[in-house]
Amino acid sequence: MNVSSYIYGTSFYHRFDIRPKLVSTLLFCAAAFLMESYIGFMVVLVLPLAVMAASVGARETWRCWSRLLPLFLILLAFIPLQARDGDVLVSINGFAVATREGVWMVVRIVSRLGGISCALMLLLLTERNENIIRGLRAFHIPYAAALTASMILRFIPYLGMLFSAIRDSMSLRLEEGKRGYPVLPSITALAVAAIRMIPETAASLEERGFGRKGRSTDDRLPRPRGYFLQWLIGAIIPISLLIVR
Amino acid sequence: MLDAEISFSYEKGPKVFDHFRFRVSSGEKLLVIAPPGSGKTTLAKLLTGALPSYSGGNSDGYARLDSMDILSMPAALRMERVGRVSQNTDEMLLFSSVMEEISFPLVNLGLDAEERERRISDSLSLFGLERYRDVSTSELSGGEKRRLMLAVLFAVDPDIYILDESFDELSPLWRERLAAIIRDLDRTVIAFGSHVLKEYDEAFSKVIALGRDGLVPCPSAVLPSPCIPERHGSSLLTVDDLMIERSHRSSGDLGTFRLIVPHFGIRSGECAVLLGENGSGKSTLSRVMCGLLEERKGQVILDGARLSCRERRHSVAYLMQNPYEELFLPTVLDELRSTGASADSIDKVLGLFHLDGNEYVQEMSYGRAKMLQAALFLLLERPFAIFDEMDSALPYDCFLAVLEAYLGKGTGVLVITHDTRIASAIPGRRMMIEEGCLHEC
Amino acid sequence: MAERNRTALRISLVAVMTAVVAVFTLIIRIPSPIGGYISLCDAAVTFVSYAFGPLTGLIAGGLGSAFADLIGGFPQWALVSFIVHGAEALLVGIIAGKDISSVLRRVVGAVIAVLIVSGGYLLLTTLFGLTVFSEALLEVPGNIAQSAVGSVVGLLLYSAVRKAYRGLDAIRW
């Protein structure tokens, strides 16, 4: 199993430094909540989509979006139930199918959901997980938290692999005529294997010098060329969205 | 000079060491040979501070290195004095990328960026891992993980290197290289092993055994020449025109992995040996033969009838490299009873494999867990079995006893091994996977 | 050993248990009687609370389900999942404690888990404006089924793990 959504590339968004990228993503998500016009909704929905298509290609963009489509369709199907006492836009045999307020509400939610999902996916698609964590460290999240996050990224695929190994060997031990695998013993085995790792991992951290004083502090991210320009672009776009709405 | 006297017992467990005394002069390359469960890993962990640590247990004694007692130092401060590579590499792997894994201890040492970079590239290239800098650790094979952990230790470069079964999982090529690296190393090395490998000869200056009160001379490093009778039966398992494909590495440059097996067959009661480099596809072929992996093309046939994946699982036992992946229940007895075997045969197997029915599976050492795994599949009585590097972490006589028990029952056994001595000592044909193709040699 | 800095253990505990929750959420799915699959997210969350107490539960349960959303391709739900499953773990841990022999506590714990998960998703998704109320209502039965199954499996898992691994009680925050 793969925990990394990262797709290798050299697009402008790949080359964008992680620090302005993080802030820009955050600001964009905030902006997505505060849009007040149909044009704003459009921009929130389309902007990350366009950047995504430009940086990871149309196929990958469609893959991300196709996961959201069913949800959008369900939301749109709920239009008739929204704001039933509002201005009627469409009616069939006197039954109000859509009201102005109902459509507004649902479209706002769809744009918000789509915008936020795409912006966050875009971050995960164009940055390695390790780099996102390094970026977060630049904003002074505690060292222990960053360390924990890095370790989580190692344990998720490992435990996933371990589980398929356990399920495989369970099926090797099955009696004749039975199929599948017994769920409870398998997840118990996985939980035990995981818990066993806790003291060993803690000891391993210490054997590698965790807790020593005088850790090197020069392992920070370097500043790439055009760093300030990137900050500028990263901030201006979502902020102008916020102002225009 | 390391001068130590150590006592240790696990919580709720018996004493592992009682005033255990030993001395190692500096610069010495010491190889300690002992059977599984005798405390090799425990001793290694005690020296680096991984025990008692968070696992509990009572330790007592001293280990003086240049008149400084390392046992009384916190583990984090010992790292310049002593470091280890563990037998189970997964228990020490901390991060998701090779780069993070190797730079973490160097950052903790407080080295500057230039020195870190120098050590990282030196030790990665020493173990042939330069290409893997940005690769995710979850995509490394067992042998590659072992080399990574060795690279981490060599980058830290402590006074004493402790290598716990570090030749395990390495291909013959890397075993030879590691032996040469150890020989040329200007540090004290204490290596633990369960049996003597051919490659050990040139690397170590002294071979000893783990005795009750201390290190004792190794009784005999000579491989007993076994005489295992094969009783060929009538059942025949054949693999025909098989092609296996697997996408191998998502971020590397190795692309799709492909293995072709034109034809190979094994009779019940027969023993055959399968050799090949790390990552050549030995385990993949095993997984197809026992029905855990689907083939791209071709078939697996038992006595003329083509087997589905499900039928293969009931015909071919697969003893995986890591025994813990096949053990799930609380105690040894629970595990053996789950096979549905009679009390009589369970008793017999317990005696044969020197197992204690009441022992907790999760507290067994790696080698003993392998013995339990072997006992388990023996009771399941599958007509064929695949031993995936079972000889590592077991002494020769234990391994041979297991093999004999299987062959004696008329099971056809395919032995996968990296140990050239084992390969030539046991009976049967030899097969080799080279350049994606299996052939007899 | 009493007086040592336990940060290394805490980091390992949280990292490993977070991964357990994420893996249970992402990979382990059991077929549901009403169609589709049930993920074992809640089983893992309640298990962590029973085994390691409310605080570890809060962090590992919340983080684990958030990581699962991020990795599984639904990053927009990560924050909601963090709050809901974190709260679930915290309350179950406080109410049930380590004493799973008490039937009353077990039942109350399970009911609380079901209420928090179904109510929490309903409340938070509408509050954050990520869905319309009527659509969120539609999700409630599924969430009830999932968290109810989860609570029961979590308990079974806890007693099975305790039996198989004697060192469990020695690992403390």
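# Domains, sheets and chain contacts in a predicted model

In this predicted model, the centres of domain 1 of chain B and domain 2 of chain B, taken over C-alpha atoms, are separated by 29 Å. The two domains come from a domain assignment, which places domain 1 of chain B at residues 2–217 and domain 2 of chain B at residues 236–440. Where they meet, 25 residues of domain 1 of chain B are in contact with 23 residues of domain 2 of chain B. On the domain 1 side of this contact, helix 5 (142–156) and helix 6 (172–184) of chain B each supply at least two residues, and the largest share, three residues, comes from helix 6 of chain B. By class, that side of domain 1 of chain B has seven nonpolar, 11 polar and seven charged residues.

Chain A is also divided, into domain 1 (12–136 + 224–244) and domain 2 (142–207), so that, in the assignment, domain 1 of chain A is written as two stretches of residues. The centres of these two domains of chain A, again taken over C-alpha atoms, are separated by 36 Å. Four residues of domain 1 of chain A are in contact with four residues of domain 2 of chain A, and the side of domain 1 of chain A that takes part has two nonpolar, one polar and one charged residues.

## Two sheets in chain B

Strands of a sheet pair through backbone hydrogen bonds, either parallel or antiparallel. One open sheet of chain B is formed by four strands in the order 2-1-4-5, and its pairing is antiparallel. Strand 2 (15–24) and strand 5 (68–69) of chain B are its edge strands, each pairing on one side only. Within this sheet, strand 1 (residues 2–9) of chain B pairs with strand 4 (residues 58–65) of chain B in the antiparallel sense over eight bridges, and Phe8(B) stands opposite Ser59(B) in strand 4 of chain B.

Another open sheet of chain B has six strands in the order 6-7-8-3-9-10, and here the pairing is mixed. Its edge strands, which each pair on one side only, are strand 6 (82–85) and strand 10 (215–217) of chain B. On average, and with direction ignored, neighbouring strands of this sheet are turned by 30° against each other. Strand 3 (residues 29–33) of chain B and strand 8 (residues 188–193) of chain B pair in the parallel sense over five bridges, with Lys29(B) standing opposite Val189(B) in strand 8 of chain B.

Which strands of this six-stranded sheet does helix 1 of chain B touch? Helix 1 of chain B packs on the sheet and touches strand 3, strand 6, strand 7 (160–164), strand 8 and strand 9 (206–210) of chain B, while its direction makes about 150° with that of strand 7 of chain B. Helix 1 (residues 40–48) of chain B also lies across strand 1, strand 2 and strand 4 of chain B, running at about 115° to strand 1 of chain B.

The two pairings described above can be set side by side.

| Strand | Partner strand | Sense and bridges |
|---|---|---|
| Strand 1 (residues 2–9) of chain B | Strand 4 (residues 58–65) of chain B | antiparallel, eight bridges |
| Strand 3 (residues 29–33) of chain B | Strand 8 (residues 188–193) of chain B | parallel, five bridges |

## Where the chains meet

Between chain A and chain C, 48 residues of chain A are in contact with 40 residues of chain C. On the chain A side, the elements that give two or more residues are helix 4 (58–77), helix 5 (100–126), helix 7 (143–173) and helix 8 of chain A, and helix 8 of chain A gives the largest share, 16 residues. By class, this side of chain A has 37 nonpolar, seven polar and four charged residues.

Helix 8 (residues 183–207) of chain A packs with helix 5 (residues 133–164) of chain C at an angle of about 60°, and their axes are 9 Å apart. Because of this angle, helix 8 of chain A is oblique to helix 5 of chain C, and helix 8 of chain A passes helix 5 of chain C in a right-handed crossing. The residues that meet here are Leu184(A), Ile187(A), Thr188(A), Ala191(A), Val192(A) and Ile195(A) from helix 8 of chain A, and Leu156(C), Leu157(C), Ala160(C), Val161(C) and Ala164(C) from helix 5 of chain C. This helix contact has 10 nonpolar, one polar and no charged residues.

The contact between chain C and chain B takes seven residues from chain C and seven residues from chain B. On the chain C side, the residues divide into five nonpolar, no polar and two charged.

Key: Residues numbered from 1 in each chain as written. Chains lettered and ligands numbered in written order. Predicted model: local features only at pLDDT ≥ 70, side-chain atom pairs only at ≥ 80, totals over all residues. Axes fitted to C-alpha atoms, helices over the stretch in contact; angles between N-to-C directions. Parallel < 35°, antiparallel > 145°, perpendicular 65-115°, else oblique. Left-handed = near helix turned anticlockwise from the far one by under 90°. Contact = placed C-beta atoms within 7 Å. Nonpolar A, V, L, I, M, F, W, Y, C, P; charged D, E, K, R; others polar. Pairing = 2+ DSSP bridges.
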